[in-house]
Amino acid sequence: MRPDNLLIIGASNNGKTAIARRFQARQTPPEDPEAERSRIPVALIQAPNGPRIPQLLSAIVSALGREVAPRRNTAQLRIEAHKAMQDVGLRLLLIDDLHNIRGSGVSSMLVELREIGSVTGVSLGCFATREIAYVLRQDEQLANRLEPFVLPRWRTEDPDYLRLLATFERYLPLRRPSELTRSDIAARIVAMTDGLVGGIASVLRRAAAAAVRTGHERIDAAMLDCLRPVSSAALEDLAQAAGA
């Protein structure tokens, strides 16, 4: 009777937004010029900073291609948002950075999210850091309706990690092979980035740029040593060293 909902939990810079955008792009149907109205099965919005219900509803209306009329109260925005979801045939609403809604009065925001599914039948696909657990404690009903999935960090013993590095290497504009899947290089990259995919992409992009500038034309331990740290632990060590 209730729509299925998913909550993807992962550290910052671990690819949550990229997953949401890629999924939305893959589910966007081609435009039909003869159709009376657009069909939007999947929409993506950014969670507001704080439990601000009008901003949430306005974001939904805008994501569905509607203009938000000025001086609308919350009740009017709710009616407009629910109608827009039904008009375009929305089936899944993706909400990025859901942890941002925390703050005084968050209970009302959680009820609003719960009612989106109850009233419209639209499923929620939410993306958040682990801080969302503290938020959802205030609404057990919504928490029970969200199936959690933890987005893991990459590890050297994970075969998919080596395939990820191999994929990156195929797209690097370098003349010499880098052999990123070598155990020492793969382990060095994980250590530099805390296993976060955003950090991995940043390290490889910067190392490739350095390899081109220097004429080295490959990523190896020497190129990685030239880079500044990007992991949270390394940045903390750098900050402590600077303050010593």
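1. Helices α7 and α9 cross in a right-handed sense, where right-handed means that the near helix is turned clockwise from the far one by less than a right angle, and left-handed that it is turned anticlockwise. Helix α7 covers residues 159-171 and helix α9 residues 197-214, and their axes come within 11 Å at an angle of roughly 35°. The axes are lines fitted to C-alpha atoms over the stretch in contact, with angles running from 0 to 180 degrees between N-to-C directions. Y161, L164, L165 and F168 of α7 meet V197, I200, A201 and L204 of α9, contact being heavy atoms within 4.5 Å. By class this contact has eight nonpolar, no polar and no charged residues; Ala, Val, Leu, Ile, Met, Phe, Trp, Tyr, Cys and Pro count as nonpolar, Asp, Glu, Lys and Arg as charged, and the others, Gly among them, as polar.

2. The model is a predicted one, in which local features need pLDDT of at least 70 and side-chain atom pairs count only at pLDDT 80 or more, while totals for chains, interfaces and linings use all residues. Residues are numbered from 1 along each chain as its sequence is written, and side-chain values use heavy atoms, with hydrogens and water left out.

3. The protein chain comes to eleven helices and five strands, taken as DSSP runs numbered from the N terminus (helices H or I of at least four residues, strands E of at least two). Of its 244 residues, 41% are buried, that is, under 20% relative accessible area with a 1.4 Å probe and protein chains only, against over 50% for exposed and partly exposed in between. Among contacts with a separation of 6 or more, 72% join residues 24 or more positions apart.

4. The largest nonpolar core has 36 residues, and those with the most contacts inside it are I60, L64, L93, I95, I101 and L113; such a core is a set of buried Ala, Val, Leu, Ile, Met, Phe, Trp, Tyr and Cys residues joined through side-chain atoms within 4.5 Å. At least two residues of this core come from each of β1, β2, α2, α3, β3, α4, β4 and α5. Apart from it lies another core of 23 residues, among them V203, L204, A208 and L224.

5. Which residues of α2 are buried? They are I53, L56, L57, S58, I60 and V61, and what covers them includes β2, α3, β3 and α4.

6. The axes of α2 and α4 come within 10 Å and cross at roughly 30°, which makes the two helices roughly parallel, a description used for angles under 35 degrees. In this contact I53, L56, L57 and I60 of α2 meet S108, M109, E112, L113 and I116 of α4, giving seven nonpolar, one polar and one charged residues by class.

7. The axes of α2 and α3 come within 9 Å and also cross at roughly 30°, here in a left-handed sense. From α2, I53, P54, L57, S58, I60 and V61 meet T74, L77, R78, E80, A81 and M85 of α3, and by class this contact has eight nonpolar, two polar and two charged residues.

8. P3, in the segment before β1, is buried, with a relative accessible area of 18%. Leaving aside residues up to four places away in sequence, P3 touches G117, G121, V122 and S123.

Note on methods:
Angles under 35 degrees count as roughly parallel, over 145 as roughly antiparallel, 65 to 115 as roughly perpendicular and the rest as oblique.
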